[in-house]
Amino acid sequence: MTSPQVPVIDIAGFTDGTEMVRERIVSAVSQACRDTGFLIIRGTGVPAAVIERAARECRAFFALGTTAKQAVRRPHPSHIRGYCGVGGEALAQLEQDVVPPDLKELFDVGPFDLPDDPYYSPTRAGASFAPNVWPAQAPALRPAMQDYFRAMERLAGTLAHIFACALELDEHYFDEGLARHISILRANYYPRQDVAPQARQMRAGGHTDYTAFTILWQEAVTGGGLQIRDRDGQWNDVPALAGCFVVNIGDSLARWTNDTWVSTMHRVANPPFEIARESDRLSLVYFCQPNYDTVIKCIPTCQGPDRPARYPPIENGAFLAMKFAEQQTAS
């Protein structure tokens, strides 16, 4: 069923609206982040042409043969770049759930056009700024994904300002921690299924994101896909609405807020097999991640004498490395 718990919030007025409009947006976002950690936003200013072009070129890439796609596979397990085929991840392993691997392909892109600065070097940054890899047989993919990445950077900046206000902080509280972010843009492709899934096998298994927050564009297809788990343990559909993005809070921001905000379990379920045999699905996911050396520690407004910090401080890069290692399959 479709979840009534995920509100649709128009954020256009945050940047150019009255103070009353801004307060209304901040209040609605704050409530959603406390209740389920999921919201649907519209009024983002992201041009439809940028989304359509990225989706089209991603589909063209995934339509290539296996050899062409494997030519841009992940250079190293720690490098979240390039192609990963069906069965290469098992997101439910993040929750220590032993299930078959996910029925999806993916292609990852990280920051680009980096300054000539030691901060971005492998010596200091490890794999945080690993080079992107691009397929020679799909040359239009690179400019399309880079344009989409830039659009998501701008949108993430706006959301970070809204989040800061919702936490009763200065609007620019998160700016420094995101100034040299290590965010990832991922294209998820869920191919048609020629054989029925194994028991408990999903297009993407149940998990929480380990990001600060995630911005998702999902293709509206028959049979649905994205679901969130409510407090009663029931799975509810999150609709794909035209002109909208789904935003969800990740583990690192939940930790940052001392669990004031919720990182909610979600998954991409299989449609009925008779539909899955005929229908594929694409999504574009921007995982907003702070600088690798940003320390995730309890926000002042989220703690007090009766509510001490639950987690010790940890650098974001170390937190991500730990989480990413957990989700890899043995293959």
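Figure 1. The structure, a predicted model, holds one cavity of 30 Å³ or more. A cavity is a set of points, on a 1 Å grid over the protein atoms alone, where a 1.4 Å probe fits but cannot get out, and lining residues have an atom within 4 Å of a point. The space in the largest cavity is about 60 Å³, where a volume is the space filled by probe spheres set on grid points joined across faces, edges and corners. Its lining consists of Ala160, Phe163, Phe174, Leu178, Ala212, Phe213, Leu253, Trp256 and Pro290. At least two lining residues come from each of helix 6 (141–166) and helix 8 (251–256). Helices (H or I, at least four residues) and strands (E, at least two) are DSSP runs numbered from the N terminus. By class, the lining has nine nonpolar residues, no polar and no charged; Ala, Val, Leu, Ile, Met, Phe, Trp, Tyr, Cys and Pro count as nonpolar, Asp, Glu, Lys and Arg as charged, and the others, Gly among them, as polar. Residues are numbered from 1 along each chain as its sequence is written. Local features need pLDDT of at least 70 and side-chain atom pairs count only at pLDDT 80 or more, while totals for chains, interfaces and linings use all residues; side-chain values use heavy atoms, with hydrogens and water left out.

Figure 2. Five of the five residues of strand 10 (residues 245–249) are buried, that is, under 20% relative accessible area, with exposed being over 50% and partly exposed in between (1.4 Å probe, protein chains only). Phe245, Val247 and Ile249 point one way, and Val246 and Asn248 the other way. Strand 10 pairs with strand 2 (residues 38–42) in the antiparallel sense over four bridges; two strands pair if DSSP finds at least two bridges between them. Leucine 39 has valine 247 as its bridge partner. Strand 7 (residues 213–218) also runs antiparallel to strand 10, joined by four bridges, and phenylalanine 213 is the bridge partner of isoleucine 249.

**Figure 3. Strand 8 with strands 9 and 11.** Strand 8 (residues 226–229) is antiparallel to strand 11 (residues 266–268), with three bridges, and isoleucine 228 stands opposite histidine 266. Three bridges also join strand 8 to strand 9 (residues 235–237), again antiparallel, and here arginine 229 stands opposite tryptophan 235. Strands 8 and 9 form a hairpin with five residues between them, and glycine 233 in the turn has a positive phi of about 85 degrees. Arginine 267 lies over the face of tryptophan 235, at 4.2 Å from the ring centre; a charge sits over a ring if NZ of Lys or CZ of Arg is within 6 Å of the ring centre and within 35 degrees of the ring normal.

**Figure 4. Aromatic pairs.** The count comes to 16 aromatic pairs, where rings of Phe, Tyr and Trp (its six-membered ring) pair if their centres lie within 6.5 Å, and planes under 30 degrees apart count as stacked, over 60 as edge-to-face and the rest as tilted. The pair of tyrosine 120 and phenylalanine 129 is edge-to-face because the ring centres are 4.8 Å apart and the planes at 65 degrees. Phenylalanine 149 and tyrosine 286 are also edge-to-face, at 5.5 Å centre to centre and 80 degrees between the planes.

How values were computed. On a 1 Å grid over the protein atoms alone, a cavity is a set of points where a 1.4 Å probe fits but cannot get out, and a pocket is an open set with protein on both sides within 12 Å along at least five of seven lines; lining residues have an atom within 4 Å of a point.
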